[in-house]
Amino acid sequence: GIHERTFVAIKPDGVQRRLVGEIIRRFEQKGFKLVGMKILQASENLLKDHYIDLKDRPFYNGLVKYMSSGPLVAMVWQGLDVVKITRAMMGETNPADSAPGTIRGDFCVEVGRNVIHGSDSVESAVREISLWFQPEELICWNDCAADWIYE
Ligand SMILES: Nc1ncnc2c1ncn2[C@@H]1O[C@@H]2COP(=O)(O)O[C@H]2[C@H]1O
């Protein structure tokens, strides 16, 4: 439904490369509602927890180092099918497989520096949002444009 939420992180490379405004612009113009956002340098412990499913992969330690190497922008976006649609807007995990027009297709070349993360399912979104945000950090605001985005 229209209350579906997803967790999105602009990774440290995305912040350093000044892509924060461009990425927010795309999700905003699509029609999604920004309900949480903060800039932080995440601890290795938080990232190990976030990426727990990847703990046996060879790139796990490097991934945690990269993600903790500088500030990232953590966000929660809300809207109809937001998990699936934001993933489509991001492109494939490997930028080489990402179509032009997607965020990774337009702004990066390597899987280990792929500028953005988005939850891959509604269930992982619930888990990731609770990991990165306190409930009071999520703002329920009345979207004046909602009647023009949803029928
Ligand atoms: N083969 C790989 N080498 C390095 N990093 C990877 C590889 N596969 C996945 N990743 C990283 O692991 C991350 C897991 O989910 P993300 O969407 O954050 O984006 C992924 C990449 O940043």
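The largest pocket in this predicted model has a volume of about 600 Å³, where a pocket is, on a 1 Å grid over the protein atoms alone, an open set of points where a 1.4 Å probe fits, with protein on both sides within 12 Å along at least five of seven lines, and the volume is the space filled by probe spheres set on points joined across faces, edges and corners. Of its 25 lining residues, meaning those with an atom within 4 Å of a point, Y51, L54, L63, T93 and H117 are the closest to the centre.

Residues are numbered from 1 along each chain as its sequence is written. Because the model is predicted, local features need pLDDT of at least 70 and side-chain atom pairs pLDDT 80 or more, while totals for chains, interfaces and linings use all residues, and side-chain values use heavy atoms, without hydrogens and water.

What takes up the space of the largest pocket? The ligand does, and the residues surrounding the ligand, with a heavy atom within 4 Å of it, include K11, F59, R104, V111, G112 and N114.

Turning to polar contacts, which are pairs of N or O atoms within 3.5 Å, the side chain of Y51 has a polar atom 2.5 Å from a ligand oxygen, whereas for K11 the distance from a side-chain N or O atom to a ligand oxygen is 2.8 Å, and for N114 it is 3.2 Å. The protein covers 76% of the 460 Å² of accessible area that the ligand has on its own, as given by the Shrake-Rupley method with a 1.4 Å probe.

Finally, the second largest pocket, at about 150 Å³, is lined by residues including I2, H3, W141 and Y150.

Methods. Polar contact = N/O pair within 3.5 Å; in protein donor to acceptor, adjacent residues only side chain to side chain. Sits in = over half its atoms within 2 Å of the grid points.
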